[in-house]
Amino acid sequence: MSDLKLPTDIRIKPLPDSVPPPMELISMADPNEQQVLDYLPHCLVLVASHQESIVGVLALSPEGKEKAEIKVLAVAPGYRRKGIGRLLLQEAGIRAKRLGFTELQVCTGNSSIRPFQLYQQAGFDLTDIRWNYFTMHYPDPIIEEGIVCRHQLVLIKTL
Ligand SMILES: CC(C)(COP(=O)(O)OP(=O)(O)OC[C@H]1O[C@@H](n2cnc3c(N)ncnc32)[C@H](O)[C@@H]1OP(=O)(O)O)[C@@H](O)C(=O)NCCC(=O)NCCS
């Protein structure tokens, strides 16, 4: 655990209908805006709020009867390494199970080293690799930690 403390007044709840989705935050997890606009209306969007500001977001989408998929997970830069990402994942698992899903899936890129670490710590297991997925589906190159993002890693957690 990092030594940065989780503020005690962080609240995690579904995004109210009256509040627009935090697109800037979402784009940090998925830069393909058209893709986001296509799947977001079908998602349960959870937000982490601190003093009226949205500082984290997770979008959960049904993928068939058994499986729900985390489409987006992002935390605002000033709030990272405080456990908010882990909290959002926990809450997504609880809600997905309550909704009757038995598996929770999340996909990430080969360059997303930290998210890959976080997902495995949260109980997800690598089940598939979609070779060259990002090269084929994203117009602009994605580079993180000096690594070109080319392949998609599929991770699943049994609920
Ligand atoms: C990935 C992300 C959501 C993590 O959110 P977070 O609130 O910082 O994550 P947490 O504080 O809950 O971290 C949990 C664990 O993940 C790992 N981790 C996450 N970010 C890390 C970093 N920058 N450096 C090292 N470890 C990291 C650590 O193991 C951490 O546990 P620890 O703090 O006890 O060591 C956040 O960095 C983010 O929004 N990144 C940009 C968007 C993105 O890449 N989304 C994922 C797309 S697949």
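Strand E1 and strand E2 (residues 44-50) pair in the antiparallel sense, over 5 bridges. Arg-11 stands opposite Ser-49 of E2. This is a predicted model. Strands of a sheet pair through backbone hydrogen bonds, either parallel or antiparallel.

**The sheet**

The sheet is open and has 7 strands, in the order E1-E2-E3-E4-E5-E9-E6. Its pairing is mixed. Strands E1 (10-14) and E6 (125-130) stand at the edges. Each has a single partner strand, so one side of each is left without a neighbour in the sheet. On average, neighbouring strands are turned by 25° against each other, direction ignored.

**Helices on the sheet**

Helix H3 (residues 84-98) packs on the sheet. H3 touches E1, E2, E3, E4, E5 and E9. The direction of H3 makes about 35° with that of E3. Helix H4 (residues 113-121) lies across E5 and E9. H4 runs at about 160° to E5.

| Strand | Residues |
|---|---|
| E3 | 53-63 |
| E4 | 67-75 |
| E5 | 103-109 |
| E9 | 152-158 |

**Inside H3**

H3 has 15 residues. From first C-alpha to last it reaches 21 Å, close to the 21 Å expected at 1.5 Å a residue. Which residues of H3 are buried? They are Ile-84, Gly-85, Leu-88, Leu-89, Ala-92, Gly-93 and Ala-96. An α-helix has 3.6 residues a turn, so residues three or four places apart point the same way. Just after H3, Gly-100 takes a positive phi of about 100°.

Start with Leu-88. Leaving aside neighbours within four places in sequence, Leu-88 is in contact with Ile-12, Leu-46, Ala-48, Gly-56, Leu-58 and Leu-73.

Next comes Ala-92, also in helix H3. Why does Ala-92 count as buried? It has 25 C-beta neighbours inside 10 Å, and 20 or more are needed for that label. Not counting residues up to four places away in sequence, Ala-92 touches Leu-46, Leu-58, Leu-60, Ile-70 and Leu-104. Ala-92 and Leu-104 are 12 residues apart along the chain. Their C-alpha atoms are separated by 8.6 Å.

**The nonpolar core**

The largest nonpolar core has 30 residues. Which residues have the most contacts inside it? They are Val-57, Leu-58, Leu-60, Leu-88 and Ala-92. Two or more residues come from each of E2, E3, E4, H3, E5 and E9. E4 gives the most, with 6 residues.

**The whole chain**

The protein chain holds 5 helices and 9 strands. From the N terminus on, these elements run β-α-α-β-β-β-α-β-α-β-α-β-β-β. The radius of gyration is 15 Å, close to the 15 Å that the globule rule gives for 159 residues, so the chain is as compact as a globular protein of that length. Along its principal axes, the C-alpha trace spans about 40 × 35 × 30 Å.

Buried residues make up 26% of the 159 residues. How many of the contacts between residues at least 6 apart in sequence join residues at least 24 apart? The share is 66%.

How values were computed:
Residues are numbered from 1 along each chain as its sequence is written. This is a predicted model: local features need pLDDT of at least 70, side-chain atom pairs count only at pLDDT 80 or more; totals for chains, interfaces and linings use all residues. Two strands pair if DSSP finds at least two bridges between them. Helices (H or I, at least four residues) and strands (E, at least two) are DSSP runs, numbered from the N terminus. Axes are lines fitted to C-alpha atoms, for helices over the stretch in contact, and angles run from 0 to 180 degrees between N-to-C directions. Two residues are in contact if their C-beta atoms, placed from the backbone, lie within 7 Å. A residue is buried if 20 or more other C-beta atoms lie within 10 Å of its own, exposed if 12 or fewer, and partly exposed in between; C-beta atoms are placed from the backbone. A nonpolar core is a set of buried Ala, Val, Leu, Ile, Met, Phe, Trp, Tyr and Cys residues joined through C-beta atoms within 7 Å. The radius of gyration is taken over C-alpha atoms; the globule rule is 2.2 Å times the number of residues to the power 0.38. The expected span of a helix is 1.5 Å times one less than its number of residues.
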